[in-house]
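Please read them with the structure open beside you.

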Amino acid sequence: MAQQDPVTIVGSPLDAWLTAVMLARFAPLAGAKLQVLETSPVARVDDVVVLRPEMVRTNVSIGLDPKRLGAQPVQAWAGPHRQSLPFNSFGRPLKGVSFVAIWLRAREELGETRSLQSFVSAGQTGGCAIEVGRYVQALKTIATKVGVTPCTQASEHIVQADPNLTEAQPDCSVGAAVMTLRPSTTLRLQAVHKSVLALIDCWSWRENDRDLAAREYDRRLQAMQASIEDMQALLWSDGRTDDYSSRLKHRVSVWQNVGRIAPVDDDQFTPQEWMAAFLSAELVPSAAGRLVHSLTLAEISDHVETCSPKEVANV
Amino acid sequence: MTIQPSPLNVVIVGGGTAGWMAAAGLSSLLENAGLNITLVESAAIGTVGVGEATLPHLRFFNQAIGIDEYDFMAATRATVKLGIEFVDWGKIGDRYIHPFGDYGIPNDGVGFHHFWRRFSGELGSISQFSLPVVAAELGKFEPPSDDERSALSTFRFAYQFDATQYAPYLRRHAEARGVTRLEGRVVDVVVDEEGDVRTLKLEDGREIHGDLFIDCSGFIGLLIEKALGTGYEEWTHWLPCDRAVAAPCEHAGELLPYTRATAREAGWQWRIPLQHRTGNGYVYSSQFIDDQTAMDSLVNSLEGPLLADPKPLRFVTGKRRKLWNKNCVAIGLSGGFLEPLESTSIYLIQQGITYLIEMFPHGVSAEVARTEYNRIMDLEFKRIRDFLILHYHATERTDAPLWDMMREMDVPDSLKEKMALFRARGQVQTYDHGLFLEPSWLAVYLGQRVLPDHYDPRVDEYPQNEIVSRLQGMKTHIRASADQMMGHADWISLHCPTPLEGLS
């Protein structure tokens, strides 16, 4: 988009203003002006949205510190069935053995009854919860400072952040316009945030690299989409596995058989979020692996106690 | 195959670097986990002694299994490696160091190399913004700092060591942790009706039964291939070097903290300075040079008197179709071989052991662990493969048929896209898992004349004088940090000299 014509970002207030401010702050716009065309809101102004730690960092670097808007620190975000997906890790490893393996063996052989969730490490995660109305207003204020305006003129260049605009022919799509998202403002914002970061990296500033940049953007979006869709399938499935992708099925079987989160590129969630999601779907590893058997039961008992809930804050 | 809880009989075949690393790793990290580990090796069968030069990851393996770094370095006559110097690759006369560390620091999400591309005229070589490169060129070394604010935290280091000493060193470590070593030659492998390896028959009539077998028998793949017929995925059309000849010689000159890889007519030549000698070798393609000419070429180019007869090697670049097949895991050369250009052989051994330990089942079916292990190792091999191909393909050399072929060859699509993206936009396509991250790709791209057509236009948003002044300051600081380090040879003498009686 190496043009001086304005670029119009079309989307709900939350999606569009976040996209606009991030682009204005970080994308190589080569002088192009940004304007926002708001569509219907997807969240009420008094709804509360959770910003993941990496989103908070991005917000701070665009000049928006959520703490100053009264955002409350949080240690987790919630799934549709009140699943708690923590930003901090579960317990601590011991002698190279993961805490989850230690917890599993403690359950099997020591009768440990506390949930893995109750061992979430204490301390600030950097994540926070903020009211949608305040957040959008702050984004608009910053947008004004960086030269983004409400839409005032027709434009041939469109960044689409709203999935419901079928008539538009966008130059590119971000967030909910890229994938089918379940009704979760947190996931929706995460999709906007990550896709806009990819768009910034792949922003084309010359005619002759446009196809290449678009392919790279698509490659990154596909990986992001796969990760978010897998998480959605897990959280919204109510125990049905029909909607699981082959990749998710593989990750489930690795978790159940090996007690490990299979690593994939461009994963949008941390291992502890996957573990929490698996456990909330009642997918528990059948064995802790052999490595944990290098520890004695006394070591395991002691270690579980040192990571016990009385030392940590509530999720 | 279900892996029984315990006791579980693990049998390792082969006592080279891979075999003893596996034995030491399993016996240290799975101590008390119900394993009976037996290693079968024959003194009559030589070992390759793979990988005189290593990657920084080996330090973590040694630490994890409880090895004292200085003791290890003294025993293996090790020196420090801060990177690899590539000579004559992009063009004859070119040279650059691929360092174990970063170039500069990014600014507001814009990679350092974009700033360098914009102001390279004022700033000079990008290598001057890499502390390990500057230190290497000065022959200096000090261990990295843990303080993230310090320039000394921007690099890592590896070892250049006598690989033939590593296996015996690990053997002592493993035997002290209960590994049983059997001297003997495997003459037959018994496979049961389910296709699992069950028994090894030795030349003297002994039979070794096992539940899980680790094939470290080298290129031959005694279990994984000869017994199980797993199959091999060849990559010789992309990496055509298929032979090497190795020859140690006496030192001449300063003890350098880096390995050198010099491109030659039909391949490339390594130079690895150890405490007591210099390791040398010529890796070549038999399509373009015969064995005798290659050997003569190597011997005639040595910096000092030859210390042993040149040792020839043959290999086929590629990997087994499955590194874990049935109840057999192939680790080391039996699993595959990517030529030694970036010192990845020991890294792949280490990853094979680490993943095996992490996924080692206990009382459940191994099928899922096996699938996941193969998926991850496949990724490791393929990402290294693409990076190695880049070295050959990114050349302007026209002096020899090998280089013409490599320059013109059709590379894997995955690499093609990466190179196009960098050329057009200076963008490095990165990944989360696997070896060689952005600084490594940058080193080879820029060192071999793959220059971006354009820099990121956000660079122009910064005041030019201020940026140039800041980057000049960074360069000065890096140089000063390197200057303050100890000489590499002095550091070795102070911390980990090989005792005189250990030198030969």
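1. In this predicted model, the interface of domain 1 of chain A and domain 2 of chain A holds 1 salt bridge. A salt bridge joins E273(A) to R52(A), with the closest N and O atoms 2.6 Å apart.

2. As to where the boundaries fall, domain 1 of chain A is made up of 7–72 + 126–224, and domain 2 of chain A of 87–123 + 232–311. Their C-alpha centres lie 33 Å apart, and the contact brings 15 residues of domain 1 of chain A together with 10 residues of domain 2 of chain A.

3. Domain 1 and domain 2 of chain A bury about 1,100 Å² between them, with 52% of that area on carbon and sulfur atoms. On the side of domain 1 of chain A, R52(A), R182(A) and A223(A) supply 44% of the area buried against domain 2, more than any other three residues.

4. For chain B, the domain assignment gives domain 1 as 8–52 + 162–236 + 316–381 and domain 2 as 243–314. The C-alpha centres of these two domains of chain B are 29 Å apart, and their contact takes 8 residues from domain 1 and 12 residues from domain 2.

5. The two domains of chain B bury about 830 Å² between them, of which 57% is on carbon and sulfur atoms. Within domain 1 of chain B, the residues that lose the most area to domain 2 are E52(B), D162(B) and L341(B), together accounting for 53% of what that side buries.

6. Which residue forms a salt bridge with E52(B)? The partner is R277(B), and the closest N and O atoms are 3.0 Å apart. Between domain 1 and domain 2 of chain B the count is 2 salt bridges, and 4 residue pairs are in polar contact across the interface, both residues being at pLDDT 80 or more. The side of domain 1 of chain B that touches domain 2 divides into 4 nonpolar, 1 polar and 3 charged residues.

Methods:
Residues are numbered from 1 along each chain as its sequence is written. Chains are lettered from A and ligands numbered from 1 in the order in which they are written. This is a predicted model: local features need pLDDT of at least 70, side-chain atom pairs count only at pLDDT 80 or more; totals for chains, interfaces and linings use all residues. Side-chain values use heavy atoms; hydrogens and water are left out. Domain bounds come from an automatic or database domain assignment. Contact means heavy atoms within 4.5 Å. Buried area is the accessible area (1.4 Å probe) that two parts lose on being put together, summed over both. A salt bridge is a side-chain nitrogen of Lys or Arg within 4 Å of a carboxyl oxygen of Asp or Glu. A polar contact is a pair of N or O atoms within 3.5 Å; within protein, one must be able to donate a hydrogen and the other to accept it, and residues adjacent in sequence count only if both atoms are side-chain atoms. Ala, Val, Leu, Ile, Met, Phe, Trp, Tyr, Cys and Pro count as nonpolar, Asp, Glu, Lys and Arg as charged, and the others, Gly among them, as polar.
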